[in-house]
Each structure stands twice: as structure tokens, then as C-alpha cells.
Amino acid sequence: MAVPPSFGLSDIVHLNVGGTRFSTSKQTLTWVPDSFFTALLSNRIASHRDEIGALFIDRDPKLFSIILNYLRTKDIDLKNVDLRTLRHEAEYYGITPLVKRLMLCEDLTQSSCGDVLFYGYLPPPSIPLQEPTTVASNVGDVSVHGRSPANNTNSRADVPSTSQITTPGTSNSHNNNGQQNHKGVLNSHMRNSSLDYRIQQKGLPHSRTSSLDLRHVRNNSADLNKLYKNDINLVFGPQQVSSWVDPLRVQIIKAHHNWIVIAYAHFITCYRLKDSSGWQHAFTSPHIESVIERVAITSKLSTSGDVKMVAISYGNQVRLWSISANGMKNIGTFNLNVRVEYLFFIGSQLVALSPTDKIGVWHAMTHHWQIQDVVPILSFDTAGSFLLLGCNNGSIYYIDMEKFPLRMKDNDLLVTELYRDPNYDPITAISVYLTPKTSQAVCGNWIEIAYGTKSGSVRVIVQHPETVGHGPQLFQTFTVHQSSVTKVTLSEKYLVSVCSEYNHVRSWAVTRFRGMISTQPGSTPEASFKIVSLEAIESCISYNAGNDFGPFGEQDDEQVFVQKVVPETDQLFVRLASNGKRVCVIKSVDGSIISSFYVHECEGSSRMGSRPRRFIFTGHSNGTIQMWDLTTALEPSFSSTQNVSGGPTPEELWKLLDQCDLSNSHSSTPCISPCPSLISTGPSIKTSNVLFLNQSQSTEATPGPSQV
């Protein structure tokens with residue numbers, strides 16, 4: 001049966017969809033304007049015919065039959081139909097009325113108010129204006145044991161005046177103008193990147209390529225940022241654009257007691273939790289020219305009154321502020337001489353570490369900044385006033401910060417060797433557990449340390465009263481990992497280790513007698529699972545600091561992993577660190593990309609009966625902060641409602657991978673990912689992650705439920 005070249009003589013259209021033939025009328029196919037069919041039948045797009053002359057469409061015939069019935073009757077049977085898949089096909093064919101109805105059906109289970117775990121929401125802050133620098137700044141060591149450098153004068157930009165402090169209620173006229181302009185933008189792009197207003201959206205002709213998930217397009221800043229980068233690449237080249245960072249994308253979240261600090265690309269902002277009024281804005285830093293890479297906060301100092309300390313680092317520079325009732329004070333900018341990898345507080349001391357061979361310490365009492373050369377550091381942990389360092393020579397060193405600085409004359413931090421691995425394996429992970437008696441006694445004799453090595457061994461060493469006068473004794477060794485150990489945690493009930501092979505986790509139940517680890521019956525295997533977290537080829541230098549998967553939690557409480565499967569996603573999987581079972585799934589209430597997260601327990605209020613609560617703070621690509629009640633999620637009554645165990649199911653993983661392009665490059669070196677043709681597929685994934693996905697197709701025989 002031949003079909004005439006022109007449809008003007010007949011209204012009957014014969015289609016071959018994926019090998020299945022359909023016959024319908026031209027009127028049925030074209031009553032929706034500007035669709036795939038109107039373009040096809042008007043010869044605006046290329047077409048192919050089969051052996052009998054039917055128009056060939058290379059799509060799923062089952063889904064097409066549902067869409068064709070909708071075009072015939074304007075009705076649809078949604079039983080046994082995946083709404084997302086059907087909407088994807090409807091978008092391809094450009095059936096706008098059907099797409100809108102399917103989106104509404106999907107939104108029935110979603111709400112901008114979140115589910116029962118959603119606790120709160122902080123809107124994007126006002127971006128501080130960049131101030132012109134009139135005086136050259138000589139950044140160096142502010143003070144090293146009282147010896148000032150030749151010129152320690154900071155520029156005006158380093159010491160903002162009181163009128164520049166951003167408070168919840170007041171601001172000067174200069175900042176008000178910036179706030180008004182910024183809020184005008186926020187109202188129009190609250191769910192998107194701060195660059196949305198820079199990109200003019202133009203009408204695009206209908207394409208046979210399937211369109212993006214419409215909900216994803218509305219909320220995803222990554223696609224727009226990549227489009228912006230690729231456009232600028234044509235003019236300036238990739239090298240200049242690769243360093244650009246979205247100014248409103250949340251990079252890192254840290255917390256201490258009832259304070260949180262949020263690091264954006266070029267400024268930080270702090271909030272405090274009050275009993276009755278909730279989270280209140282407390283501080284916004286001035287504009288920082290460099291991209292912030294690390295951040296730290298401490299809210300309780302033993303040396304003074306109600307003073308908080310906030311520090312940031314970028315490159316080899318460390319900048320420190322104090323926050324009090326009188327406002328913000330810039331303490332100074334310090335130089336570690338090498339790039340800062342870790343930044344944190346131990347009591348009132350600010351510590352900056354570099355994996356190479358440097359440690360810098362600033363003391364609140366003396367205001368001294370001291371740099372010490374040490375063995376290259378691979379891992380660290382803190383216990384009380386002690387800082388323990390795992391080094392690449394197989395040794396564990398410790399520094400007692402209460403005695404700092406003890407010998408100022410020879411600039412010595414009193415770095416003492418505590419233990420050396422029997423095989424001299426580099427110490428790649430370390431965890432210290434202080435038994436209850438240790439916290440009650442001043443002496444540090446009751447101590448247990450678990451550490452992992454580059455060869456994959458996990459060892460436990462102990463120092464109990466009977467070993468006083470000697471170094472810690474080797475207690476137990478596990479050799480289950482075949483790759484380098486990246487994390488290890490020793491708690492009251494469990495020993496958990498993670499290796500570099502796709503974050504493979506092994507856990508053991510720990511037996512204790514009178515609070516001390518016991519040899520009878522000893523540690524017994526608990527679980528084996530993976531915390532798959534695919535990495536982007538191009539990622540910000542602060543990505544790992546803002547997306548550390550844990551484990552989170554106190555050593556005497558239940559600890560959890562937070563699994564972010566793909567770099568650009570709006571959901572997180574919360575799992576128990578002991579056995580990998582799923583606690584809950586955190587899904588962004590506005591569909592925006594989760595760019596960073598952090599787990600923290602806030603102190604209870606002063607009211608009678610109040611107890612501490614654990615929260616998951618998620619930072620988003622649009623600058624917002626969302627809070628989730630982890631305490632409720634860990635309660636048995638809530639966990640019993642979770643029907644799925646472990647990480648994402650294959651169906652969930654497949655949907656998440658739709659947002660990414662799996663790179664086929666053989667290079668493991670991070671590089672700029674998307675070419676213009678891949679913009680719609682999201683960030684590219686490292687080749688090593690693709691190998692894992694290929695391996696994971698075969699079912700692994702592991703004890704307990706299958707967990708990815």
C-alpha cells in the first residue's frame with residue numbers, strides 16, 4: 001500500500017513506531033500545535049519510511065500507544081504506567097497538555113513544605129559588595145612568638161568598619177542598595193543559580209532529541225552554569241573560565257554548638273540558634289577576592305566571654321575573625337606557606353594542616369601564629385586537647401594543645417611520637433576513642449586508637465592503666481581491605497573502616513568490659529557494604545570538604561553515613577554506619593541541587609525537658625540552606641516505615657544517573673567536562689566510577705541486603 005508524497009489528498013497517516021504499525025488521522029496527530037507531529041507532517045524535520053511507505057519513528061511503541069490514545073480521546077489510563085517515563089516520551093513528542101498533567105500528578109507526592117523530616121529553611125543571603133582596595137596589603141605572619149614581620153599592616157579591606165557589619169535588623173545605605181538589587185534578582189530566580197538572570201532564554205525550534213526533565217530545568221543551576229562557561233569559552237578559552245565559581249552556590253557548611261557557618265565562593269555567613277526565635281543571622285564577612293576553600297568555627301572559648309571565632313582559608317592564607325556582642329573584628333591573615341588542606345579548632349587554638357609537611361597554630365591567649373615542620377601528614381584526629389597525626393612514615397604523633405606554646409625559644413610544638421606501625425605502613429586514617437574513665441580523669445592513660453594504612457590494614461592499639469610507662473600496645477589487626485583505608489572510626493559499640501575502592505565499608509561489633517575494649521569474645525564482623533559516591537571530572541577545590549559522607553555522630557551514639565550518589569542531585573541517602581541500612585532519603589523541597597551538606601547536633605534549649613537534636617544541613621546551588629530532623633529519622637517508630645534497605649535501588653540509581661554523563665575518557669585527571677552537546681546530561685563522571693558501574697551490574701553475594 002503506497003502512501004502519496006503529499007498528505008493533502010488523504011487524512012490517514014500510517015506510522016511505524018519501533019517496529020509496530022499504527023494508523024490514525026492527521027487531525028488526531030496535529031490538534032496539539034507546535035508538536036513533533038506537526039513538524040513531521042509539514043516536512044520541517046527529516047523523516048524516513050519503511051518498506052510499505054509508513055513513516056518510521058524510532059521510539060517505544062508501548063508508550064506511543066498510550067500517547068496516541070490520549071490524542072484520540074484526551075483521556076489516559078495511568079495504571080501500571082511509570083509517570084516519569086511517560087512524561088519523558090510526552091516531552092519528546094511535544095504534547096504540552098499531557099506533559100503538564102503528568103507533572104501535576106507527580107507533584108501530588110511533593111511539597112515545598114517538605115516531608116515530616118523537613119525542619120527549616122534559610123533564604124539566600126545578600127552578597128557583600130566588593131570594595132576597592134586603596135592600600136596595598138602585605139599578607140604574612142601576623143605574629144610568630146611576638147616577632148612581627150617587617151610590615152604587618154593590613155589593608156582597609158582586611159579591617160571592615162562597624163558600619164559594614166551585616167545584622168538582621170540594620171545595615172548602612174551602601175549595603176542596603178546591594179541588598180535591594182540582590183533581592184530583586186532572588187524573587188525571580190529563587191530556585192535557580194545566581195547567574196540565571198545573566199542568560200537570556202530564547203525560543204528553540206523543536207528537536208527530535210528528547211527534552212530535559214522540565215522540573216530539573218527549572219531548578220538546576222548546573223546546566224545554566226555550564227552553558228555560561230561554554231559560551232565564554234568561545235571568547236576567552238577554557239583556562240580562564242574553569243576557575244569561575246557560582247557566587248551563590250553553597251560550598252561548605254560547618255557547625256559548633258548552636259552556631260553554623262556557611263561558606264560561599266567569596267564570603268561566609270553565620271547563623272545562631274536561639275531558644276524561641278529560631279535561627280538568626282549573626283554575621284556576614286566582607287567580600288574575599290580568592291575562592292574560599294576551607295572554613296572552621298568555634299562558639300565557646302575558655303579565654304573570654306561570649307566570643308565566637310570563625311576562620312577561612314584560601315590557598316596558603318588563613319583569615320580569622322572574632323564575633324561578639326560588639327560586632328565583628330578582623331584578627332588577621334596568616335600564611336602557612338603551603339596550601340591549607342584542613343582547618344579546625346581545638347579549644348581556643350586554630351589549627352591549619354597541610355599534607356606536605358606543615359602545621360600552623362594560632363592561640364587565643366597569646367595571639368601567636370606558629371608554624372612547625374613535621375613529617376608529611378596523611379590523617380589526623382582530635383581527642384580533648386590532643387591532636388593526633390598519622391604520617392607517611394608509619395608513625396602516629398601527638399601534640400598537647402594545652403601546653404602550647406611550651407618552648408617558644410626553639411619554636412617547638414612538642415610533636416611527640418606515640419606509636420609506629422610494625423610494617424611502617426603510611427597511616428592514612430586514624431580515630432581516637434576515649435573511654436568514659438578517661439573523660440573523668442586528667443591523665444590520658446585510658447585511650448584506644450584505631451588506624452588504617454595505605455596497604456589496607458586496620459589496626460587497634462590501646463593504652464590502659466596496666467600499660468602505663470610503655471607506649472600503646474597492638475590489640476587487633478584486620479586485613480580485609482585490598483585498597484588504601486580512607487576512613488576509620490572507633491566508637492563505643494562499633495569499629496567502622498572505609499577503603500578507597502568505591503568507599504567499601506566494613507564494620508565490626510566491639511565487645512567492652514567496664515568500658516574498655518575486651519578480647520573476649522573480641523570484635524566480630526557486622527556488615528560489608530559500599531557508599532557509592534560518583535565524582536565529577538570537574539569539581540571545585542572545596543567539593544570534598546563540603547560533601548564528606550561521614551560517618552557523622554558522637555562515639556557513644558548512632559553514627560550515620562550521608563550518601564550523595566552523583567555530584568548534581570537533589571537527594572541524599574542517610575544510612576547507618578554500623579550496617580548500611582537506610583535511615584531516610586533527604587530530597588530538596590524546591591528541587592534545587594544539593595551542593596554541600598553537614599550533620600550536627602545542636603544543644604537543647606534552657607527550657608526544662610529540652611534535649612539536643614541532630615540535624616542535617618543541606619546547602620543548595622541557589623544559596624539556600626535546608627534543615628532536616630535526623631533525631632526523628634533515627635527513632636525506631638520512623639525507621640520501621642522505611643521499606644527499602646541500604647543505598648539506592650537499581651531503579652533509583654538509574655534515575656540519578658540520568659542527570660550525569662558517564663565519561664569514557666581513559667584519563668583520571670580532573671578536567672572541564674561538558675562539551676555543548678552534553679550540556680543537557682549534567683556533569684561527567686570519572687572513568688574509575690564508570691568501571692564500578694559496569695561491575696555493579698553483576699550481583700554481589702554479601703551478607704545481609706544488597707547495598708550500594
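Analyst: Strand S1 (residues 12-17) is joined to S2 by six bridges, and the two run antiparallel. Two strands pair if DSSP finds at least two bridges between them. Strands (E, at least two residues) and helices (H or I, at least four) are DSSP runs, numbered from the N terminus. Within this pair, valine 13 lies opposite threonine 24 of S2. The model is predicted: local features need pLDDT of at least 70, side-chain atom pairs count only at pLDDT 80 or more, and totals for chains, interfaces and linings use all residues. Residues are numbered from 1 along each chain as its sequence is written, and side-chain values use heavy atoms, with hydrogens and water left out.

User: In what order do the strands of the open sheet stand?

Analyst: The order of the four strands is S2-S1-S4-S3, and the pairing is mixed. Strands S2 (20-25) and S3 (48-49) are at the edges with a single partner strand each, so one side of each has no neighbour in the sheet. Helix H3 (residues 61-73) packs on this sheet, where it touches S1 and S2, and its direction makes about 10° with that of S2.

User: How should I read the crossing of H3 and helix H4?

Analyst: Axes are lines fitted to C-alpha atoms, for helices over the stretch in contact, and angles between N-to-C directions run from 0 to 180 degrees. The axes of H3 and H4 (residues 83-93) come within 10 Å and cross at roughly 70°. An angle of 65 to 115 degrees counts as roughly perpendicular, and H3 and H4 are therefore roughly perpendicular to each other.

User: Which residues make the contact of H3 with H4?

Analyst: Contact means heavy atoms within 4.5 Å. H3 contributes Leu63, Phe64, Ile66 and Ile67, while H4 contributes Thr85, Leu86, Glu89, Ala90 and Tyr93. Seven of these residues are nonpolar, one is polar and one is charged. Ala, Val, Leu, Ile, Met, Phe, Trp, Tyr, Cys and Pro count as nonpolar, Asp, Glu, Lys and Arg as charged, and the others, Gly among them, as polar.

User: Is valine 340 buried or exposed?

Analyst: Buried means under 20% relative accessible area, exposed over 50%, and partly exposed in between (1.4 Å probe, protein chains only). Valine 340 counts as buried because its relative accessibility is 0%. Its place is in the loop between strand S13 (327-335) and strand S14 (342-346). Leaving aside residues up to four places away in sequence, valine 340 touches Glu293, Arg294, Ser313, Gly315, Asn316, Val318, Ala352 and Leu353.

Notes
Parallel < 35°, antiparallel > 145°, perpendicular 65-115°, else oblique.
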